[in-house]
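This briefing covers selected local features of one protein model, grouped by topic. Please consult the sequence and structure below while reading.

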Amino acid sequence: MQKQILKFIIPDLGATLDIPLSRAEMEGMKDGPTIAKVMTEKIEPTIFDYMARTPHTCAICKSNRAIRMTCNLAPNTTSPEGPVVYAFNAYPICLSSLCNAESTRRAHEDRREMSSLAPDQLGVAESEMCDYCKKVQNVNESGRLKRCSRCKAKLYCSRECQTAHWRAGHKLHCFKS
């Protein structure tokens with residue numbers, strides 16, 4: 001089985017990670033369930049490996065070594081080079097729950113700002129991904145996804161996804177913007 005490469009680009013850290021995917025995974029990068037599976041099985045372990053090999057200081061406490069990362073993802077499934085995932089506003093963080101909460105708050109704030117841009121202002125972030133079903137939608141073709149009316153940070157392709165995500169636990173982390 002021939003492997004293809006998904007580019008995972010973290011501009012804030014100056015890193016590009018090559019993630020080998022099967023042909024089926026690569027072709028399914030426009031499909032929500034496939035993206036969710038690739039995130040869990042391929043991208044997250046690659047990020048953990050990168051953070052273990054490359055020393056970074058926690059962006060929040062500025063004292064502990066970072067071992068994971070909070071960021072906003074912008075998949076571009078229509079790139080001529082093949083699918084690319086951009087990780088914007090990356091915050092390398094340590095294991096502290098306070099640092100995790102603060103990086104999540106900052107990422108939500110960053111995402112609210114990105115969500116307020118017009119499609120032609122987005123540049124490489126031309127796609128948005130539903131936070132529940134992981135369906136990717138091209139903003140220039142289909143318009144913006146709906147935002148959580150409370151926190152304005154989470155994106156949904158439908159009312160059903162928003163309701164399901166709320167019941168699945170978003171209500172525990174959602175705060176009014």
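The largest cavity is lined by Met29, Ile35, Val38, Met39, Ile43, Leu73, Pro75, Val85 and Met129. Two elements, α2 (32–53) and β3 (68–76), each give two or more residues to this lining. The model is predicted, and the features below are to be read on that basis.

- The structure holds 1 cavity of 30 Å³ or more.
- The volume of the largest cavity is about 50 Å³.
- Helix α2 provides the largest share of the lining, namely 4 residues.
- In terms of class, the lining consists of 9 nonpolar residues, with no polar and no charged residues.

- Asp131 is located in the loop that lies between β5 (127–129) and β6 (136–138).
- With a relative accessible area of 13%, Asp131 counts as buried, because the cut-off for that class is under 20%.
- A polar atom of the Asp131 side chain lies 2.7 Å from the backbone nitrogen of Leu155.
- When neighbours within four places in sequence are left aside, the contacts of Asp131 are Arg111, Ala153, Lys154, Leu155, Tyr156 and His165.
- Among these contacts of Asp131 is His165, which is also one of the buried residues of α5.

**Helix α5**
- Helix α5 spans residues 159–173 and bends by about 70° at Arg167.
- The buried residues in α5 are Cys161, Gln162, His165, Gly169 and His170.
- These buried residues of α5 pack against β7 (146–147) and β8 (155–156).
- In general, an α-helix has 3.6 residues a turn, so residues three or four places apart point the same way.

**Backbone at Lys62**
- Lys62 is not a glycine, yet its phi is positive, at about 60°.
- For context, most residues other than glycine have a negative phi.
- Lys62 is placed in the loop between α2 and β3, the two elements that each give two or more residues to the lining of the largest cavity.
- Is Lys62 buried or exposed? Lys62 is exposed, its relative accessible area being 59%, because the cut-off for exposed is over 50%.

Methods: Residues numbered from 1 in each chain as written. Predicted model: local features only at pLDDT ≥ 70, side-chain atom pairs only at ≥ 80, totals over all residues. Heavy atoms only, no water. Bend = angle between axes of the 7 residues up to and from the residue. Buried < 20%, exposed > 50% of the residue type's maximum accessible area, 1.4 Å probe, protein only. Contact = heavy atoms within 4.5 Å. Polar contact = N/O pair within 3.5 Å; in protein donor to acceptor, adjacent residues only side chain to side chain. 1 Å grid on protein atoms, 1.4 Å probe; cavity = no way out; pocket = protein on both sides within 12 Å on 5 of 7 lines; lining within 4 Å. Points joined across faces, edges and corners; volume = space filled by probe spheres on them. Nonpolar A, V, L, I, M, F, W, Y, C, P; charged D, E, K, R; others polar.
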